[in-house]
Amino acid sequence: MQIFIASDHAGFGLKASLRAYLLDLGLDVQDLGVDCKESVDYPDFANVLCQQVLKCQGSKGILICGSGIGMSIAANRLCGIRAALCTDSLMAKLARAHNDSNVLCLGQRIIGEAVAFDIVEAFLNTPFENGRHQIRVQKLG
């Protein structure tokens, strides 16, 4: 599975930690920026990542900003993206199982590194349940 990861300046530190963690797990990770803590506009990076997720079938995305809110709003503007802002692993599991979420949003100022690792692991390892949820997800567009 291809995993795309991006952040703004406020999520740069957590992005670097998550990227290293995912690479250590042997996963295919493509870092789409940022490369420093200099101020940038989060919608630009959300858009780049979401375009890649839409292009690469079966891929997943991880977006990080200070709170995760801006990234989730920006990502969900694109048809076909189902971005979920998660603050614990249960939310990540439900986002995948019930909503077939393809982009995970995290807030560096909200959660710690260990919690982020748990959330990402739950997000990447939980399959979509289909069934009654499929009709609802189709209505999202």
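Let's start with charge. The protein chain has 13 positive and 14 negative charges, and their mean positions lie 9 Å apart. Here Lys and Arg count as positive, Asp and Glu as negative, while His and the chain ends are not counted. Each charge is placed at NZ of Lys, CZ of Arg, CG of Asp or CD of Glu.

A word on the source. This is a predicted model, where local features need pLDDT of at least 70, side-chain atom pairs count only at pLDDT 80 or more, and totals for chains, interfaces and linings use all residues. Residues are numbered from 1 along each chain as its sequence is written, and side-chain values use heavy atoms, with hydrogens and water left out.

Now the fold. How many helices and strands does the protein chain have? There are 6 helices and 5 strands. These are DSSP runs numbered from the N terminus: helices are H or I with at least four residues, strands are E with at least two. In sequence order the pattern reads β-α-β-α-β-α-β-α-β-α-α. The radius of gyration, taken over C-alpha atoms, is 14 Å. The globule rule (2.2 Å times the number of residues to the power 0.38) also gives 14 Å for 141 residues, so the chain is as compact as a globular protein of that length. The C-alpha trace spans about 45 × 25 × 25 Å along its principal axes.

Next, burial. Of the 141 residues, 48% are buried. Buried means under 20% relative accessible area, exposed means over 50%, and partly exposed is in between, with a 1.4 Å probe and protein chains only.

On to cysteines. The structure has 0 disulfides, a disulfide being a pair of cysteine sulfur atoms within 2.5 Å. For cysteine 36, the nearest cysteine sulfur belongs to cysteine 65, 16 Å away. Cysteine 36 is partly exposed, at 35% relative accessibility. Cysteine 56 is partly exposed as well, at 29%.

Last, the backbone. Most residues other than glycine have a negative phi, and most peptide bonds are trans. Which peptide bond is cis? The one from glycine 33 to valine 34, with omega near 0 degrees. Valine 34 sits in the loop between β2 (28-31) and α2 (42-55). Aspartate 100 has a positive phi of about 50 degrees, in the loop between α4 (89-99) and β5 (103-107). Asparagine 130 has a positive phi near 55 degrees. Its loop runs between α5 (113-125) and α6 (132-139).
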